[in-house]
Amino acid sequence: MSEPPIPQATKSNGPIKPRIIIHGGAGNITKTSIPRDRYNEYHTSLLRILSQASFVLSYPGISALDVATYAVTLLENDPLYNSGHGAVFTRAGHNELEASIMVSDGYRKRGVGVMMLQHIKNPIRLARELLMRGEEDGGDGSQDHCQYSGKYAEWLAAKWGLEIVDEEYFFTQRKWDEHKRGLAEDKSKEEQGLSVNEVSEWEKETYVPLGTCGAVVVDSFGTICVATSTGGLTNKVPGRIGDTPTLGAGFWAEEWFEAAKREMLYQPSPAVNSPLDSLSRGDLRSLMGDCLPSSSLQEFSRSAAESERNTEKPSDKIRHAVGLSGSGNGDSFLRMCAARTTAANSRFSRTSLSRATTWMTGPGGELQKSAGERWGTVHEGTGGIIGVEVVGSRVDVVCDYNCGGMFRAWTEEDGSKQCLIFRKDSWDSGPEDWNRVHRNV
């Protein structure tokens with residue numbers, strides 16, 4: 001496959017140590033469903049793509065947006081994954097591709113999803129163009145919306161010079177065989193009076209791609225970008241839209257500032273009645289209580305408090321940024337608004353993104369609970385999330401999942417590269433304990 005063009009960097013570095021994590025899907029990935037030689041293929045591919053992307057990330061001043069797009073383009077070009085060349089088929093035997101991109105800050109739309117694509121070689125590049133061109137006035141409508149689909153989106157891609165291909169480009173024999181076998185399994189279930197959603201013995205023993213490819217990147221300026229791409233669910237209904245192009249469901253990025261803890265400058269004193277004492281203590285409510293009506297005094301107090309918040313120095317606040325990309329049963333991600341809910345749990349509960357990710361997609365987490373009593377008998381509720389968290393100048397890479405495995409690779413703080421498919425670090429490491437909650441990626 002041809003390689004995407006390498007982005008160009010034009011600025012000097014910022015103060016943050018750049019990091020990247022990528023994923024190639026999650027689901028029924030076990031040592032039964034994935035033969036040893038296939039495991040080696042995925043492991044080699046993930047490390048190759050991570051190495052290429054992290055090399056680009058080392059360029060001075062490179063942006064997270066460019067590196068995330070580059071990494072996912074590499075994933076789209078690799079037939080191992082369910083995106084681009086190698087995407088799964090609908091029940092009608094066609095490919096309908098989806099992609100999304102989002103930044104924590106820096107662009108007015110911040111996030112874009114594209115869907116129902118059948119002729120764009122790299123859907124992630126169209127999502128990037130729509131995000132960037134959204135900064136311009138006009139732009140063929142690119143400034144207007146956050147989601148685009150179908151023929152008009154493909155017309156824009158062609159107009160802007162993105163590579164257009166025939167639908168045959170996305171075909172791979174392996175995904176076609178899975179498509180045909182899946183249809184046969186559905187027919188067999190119907191003949192037995194079973195629900196087509198029920199997991200058959202063949203599906204338990206075979207990895208049928210459920211999810212997406214994705215990358216989460218933080219650049220040296222602390223900006224996080226999430227890029228995600230998929231062919232959707234194997235044998236999905238034609239026209240089905242999943243979580244990948246839906247903001248908040250399969251992807252999310254945001255940032256905020258939190259006031260740093262400050263010591264009190266004085267201790268509370270006993271109540272005093274003297275106006276001079278009230279003035280010296282800054283007790284305007286006591287001083288003015290006899291002069292203003294209570295409603296006016298409340299408004300004055302709110303204005304004073306707002307003025308104090310607005311005069312806080314930037315050094316008084318700690319910057320937080322998070323980015324998340326999911327993979328798995330997209331309909332469950334949609335119902336849970338999984339990515340945004342995970343970010344909100346971290347932000348408003350003031351907990352780490354790692355804990356919030358495990359809370360959502362770890363074993364026994366909220367995504368699994370959403371399946372209720374159907375858990376384990378259907379694909380519902382399965383999946384995983386990768387992410388990056390920035391707190392001040394500290395960067396953490398996170399991941400958790402509730403299924404057999406998740407294809408993922410990432411860079412450590414020291415620049416070393418790691419890759420895992422199961423919970424442990426090699427095929428020969430012994431059986432995994434799927435019921436434990438793990439913090440590590």
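**Exercise 1. Across which strands does helix H11 lie, and at about what angle to S7 does the helix run?**

*Basis.* The model is predicted: local features require pLDDT of at least 70, side-chain atom pairs count only at pLDDT 80 or more, and totals for chains, interfaces and linings use all residues. Residues are numbered from 1 along each chain as its sequence is written, and side-chain values use heavy atoms, with hydrogens and water left out.

*Solution.*
1. Elements are DSSP runs numbered from the N terminus: helices (H or I) have at least four residues and strands (E) at least two. Two strands pair if DSSP finds at least two bridges between them.
2. Strands S7-S8-S9-S10 form, in that order, an open sheet of 4 strands with antiparallel pairing. Its edge strands are S7 (251-259) and S10 (394-401), each pairing on one side only.
3. From one strand to the next, the twist averages 15°.
4. Within this sheet, S8 (residues 317-328) and S9 (residues 383-391) pair in the antiparallel sense over 9 bridges; glycine 328 stands opposite glycine 383 in S9.
5. Helix H11 (residues 338-348) lies across S7, S8 and S9 and runs at about 15° to S7. Axes are lines fitted to C-alpha atoms, for helices over the stretch in contact, and angles run from 0 to 180 degrees between N-to-C directions; contact means heavy atoms within 4.5 Å.

**Exercise 2. Determine the strand order of the open sheet of 8 strands and the partners of its strand S1.**

*Solution.*
1. The order is S4-S3-S2-S6-S5-S1-S11-S12, and the pairing is mixed.
2. Strands S4 (147-149) and S12 (417-420) stand at the edges with a single partner strand each, so one side of each has no neighbour in the sheet. The twist averages 10° from one strand to the next.
3. S1 pairs with S5 in the antiparallel sense over 5 bridges, isoleucine 20 standing opposite valine 217 in S5.
4. S1 also pairs with S11 (residues 405-411), again antiparallel and over 5 bridges; the bridge partner of histidine 23 in S11 is arginine 408.
5. Of the 9 residues of S1 (residues 19-27), 9 are buried, so this strand is largely enclosed by the rest of the structure. Buried means under 20% relative accessible area, exposed over 50%, and partly exposed in between (1.4 Å probe, protein chains only).

**Exercise 3. Describe the setting of Thr212, which UniProt lists for "active site" in an unreviewed entry.**

*Solution.*
1. UniProt positions follow the numbering used here, feature names are shortened, and annotations may be inferred rather than shown by experiment.
2. Threonine 212 is found in the loop between helix H6 (201-205) and strand S5 (213-218).
3. Its relative accessibility is 3%, so threonine 212 counts as buried.
4. Neighbours within four places in sequence aside, threonine 212 is in contact with His23, Gly24, Gly25, Thr228, Ser229, Thr230, Thr244, Gly326 and Ser327.

**Exercise 4. Which residues have the most contacts inside the largest nonpolar core?**

*Solution.*
1. A nonpolar core is a set of buried Ala, Val, Leu, Ile, Met, Phe, Trp, Tyr and Cys residues joined through side-chain atoms within 4.5 Å.
2. The largest such core has 58 residues, and those with the most contacts inside it are Ile20, Ile22, Val114 and Leu126.
3. Helix H2 (residues 64-77) gives the most to this core, with 9 residues.
4. A second, separate core of 35 residues includes Val216, Ala253, Leu353 and Val388.
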